[in-house]
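The model and its sequence go in here before the entries.

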Amino acid sequence: RIQILFELIAGTMNANLKPQENMALVQQIDPLFLARSYMRRRKFDLCIDICTVMLEKNPYDQCAWFMKAKALTEQVYVDEVDAEDDGIAELLMDENTIAQVSRPGTSLKRPETGSNTGASTSKGVRPMSQSGRPVSGFLRPGTQSGRPGTMEQALKTPRTSHTARPVTSASGRFVRLGTATMLSEPGGPFINPANVNLPKYAAKPGINRVLFDYFFYHENDIRNSLELASHATQEYKFNDWWWKQQLGKCYYRLGLFRDAEKQFQSALKLQPTVDNYLYLAKVFLRLDQPLAAMELFEKGMEVFPGETTLIVGSARVYEGLGEMEKSVREYKKVLQYDASCIEAISCIGTNHFYSDMPEIALRSFRRLLQMGVNNAELYNNIGLCCYHSQQFDMAITCFERALSLADKDNVADVWYNLGTVAVSIGDLNLAEQAYQLALTSDNNHCEAYNNLAVLVSRQGRNEQARAYYLASIAINPDLYEAHYNLSLLSQQLGDLNTGYKEIRKALDVFPDHVDSKNILDNIKQYFTML
């Protein structure tokens, strides 16, 4: 086995030397130094293989044990600073009680109630996600599905465009990662938590942190991680901020948010760090306290002026509350310190686009293209900006490039936008085909159902149009266009009762829609005449 491992390593070395020379060179290198070199270059598989061979020779080699545990942890490491998607597990098992009717502008569950939300967040200008949040310019955890308000909404929210499975909790992702890595180890896991004397290892400064990371990230054993962190905190007489931070992470993973808040605040008192501010803000956002998170970000920026992660966190909270002007102001502040921040550039460009400034938005998206970003979403956005800027030749070229780069997760949006362009130029046959292709790629695309129903109703197929409208409403009840169009169709067919109900639902979703108000007045006048 050692000979095979050396041959594998020799094959990754200098290609200008002969294989025999590479083999001789590898055999002269200290294995521990070689493992450390592969660890530094993030070639974790080769590092693990070398450490495994060293541990077979000497099972008590702490250096090899340390290196292998570190490499196994780095393979599955997931940054926990960003908020994760809340799904059906959180809705069913969360025992924390928060205010059901919050004050306007103080809850992420009702972002449109803020007094400072401008016209750029109007549902007639900027599309909304299924959770009621304005569409963001950057896909990140927590923006794809939002916070499900009810059990029914959580079940209806798909995880991706090609599966109907609802979004699961983040803990489920960690469990799947840990199980897969355990199966990859021949003979079982590398470290069996049941056989580890946690108080003993908690007192060893060089090993306890690596052991905690292995339990927490690799094995997803939160109970033993919490016990190890508790013993280590006592060993250091409650004066080590790092262990208090790990205790907060364990409590957060277990759903004990108030206990996690206490640990993160205690860690901040001992040692103010950027991670502690971000973790504590994550707890506040999970408890639906965005104003407390904003206050914390402001305190953090006083301690760490110019820290872009804190400014980005503040901009995300403003965006979640629907205060786009403040969000754009924070993103512009980010670009003063980091001119290559992709999230800031994309969010500023999206805000310009929905503020009826496609030419300025095009500059932001072209900047991303110059930075090396090459994906279907970017070309799709550039195509839309070119189309609204009357640059039709460039728009078609960008959409073709977006289709060539698109996968099954985003191809539906590209076809939907192509259908919208086809409607604008008067090619209704192409538009209908594009919407049907969008629904073929993603049968939960509510906007495509709505637009396809409009085209079908123009051809006189009213029953089919009604079915499309109902499908759109079933997927996303907050899509006011579907309610409005279904009300119009019902009035044309003489069903004024259904038309009245649907127009009321449209106004509940978008109270400022003028056309809906006019139709409601006409229906009320007709009922009065009867």
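**Entry 1**

Salt bridges that share partners join Lys333 with Arg329 and Glu330 into one network, a salt bridge being a side-chain nitrogen of Lys or Arg within 4 Å of a carboxyl oxygen of Asp or Glu. For the pair Lys333 and Glu330 I noted 3.7 Å between the closest N and O atoms. The two residues are about one helical turn apart, because they are three residues apart in helix α17 (residues 324-337); helices are DSSP runs of H or I with at least four residues, numbered from the N terminus. Glu330 is buried, with a relative accessible area of 5%.

I note for the record that this is a predicted model, in which local features need pLDDT of at least 70 and side-chain atom pairs count only at pLDDT 80 or more, while totals for chains, interfaces and linings use all residues. Residues are numbered from 1 along each chain as its sequence is written, and side-chain values use heavy atoms, with hydrogens and water left out.

**Entry 2: other salt bridges**

How many salt bridges does the structure hold? I found ten. Side chains of opposite charge can pair when their charged atoms come close. One of the pairs is Asp240 with Arg209, whose closest N and O atoms are 3.6 Å apart. This pair links distant parts of the chain, since Asp240 sits in the loop between α11 (222-235) and α12 (241-253) and Arg209 in helix α10 (residues 208-218), 31 residues apart. I recorded Asp240 as buried at 14% relative accessible area, whereas Arg209 is partly exposed at 35%.

I also looked up Glu295 and Lys299, whose side chains meet in a salt bridge at 3.9 Å, N to O. Being four residues apart in helix α15 (residues 290-303), they are separated by about one helical turn. Glu295 is partly exposed at 46% relative accessible area, and Lys299 is partly exposed at 44%.

**Entry 3: charge patches on the surface**

Which residues gather in a patch of positive charge? I found Arg36, Arg40, Arg41 and Lys43. A patch of this kind takes residues with over 30% relative accessible area and no salt bridge, and joins like charges within 9 Å; Lys and Arg count as positive and Asp and Glu as negative, with His and the chain ends not counted. Arg40 lies in helix α3 (residues 31-40) and counts as exposed at 59% relative accessibility.

A negative surface patch is formed by Glu377, Asp407, Asp409 and Asp413. Asp413 is placed in helix α22 (residues 411-425), and at 38% relative accessibility I counted Asp413 as partly exposed.

**Entry 4: Tyr416**

I turned to Tyr416, which also lies in helix α22 and is buried at 18% relative accessible area. Leaving aside neighbours within four places in sequence, Tyr416 is in contact (heavy atoms within 4.5 Å) with Tyr435, Ala438, His445, Glu447, Ala448 and Asn451. The C-alpha atoms of Tyr416 and Leu437 are separated by 8.3 Å, the two residues being 21 apart along the chain.

Key: Patches are made of residues with over 30% relative accessible area and no salt bridge: like charges are joined within 9 Å, nonpolar side chains (Val, Leu, Ile, Met, Phe, Trp, Tyr) within 5 Å. Accessible areas come from the Shrake-Rupley method with a 1.4 Å probe; for residues, only the protein chains shown count as cover. The place of a charge is taken as NZ of Lys, CZ of Arg, CG of Asp or CD of Glu. Buried means under 20% relative accessible area, exposed over 50%, partly exposed in between (1.4 Å probe, protein chains only).
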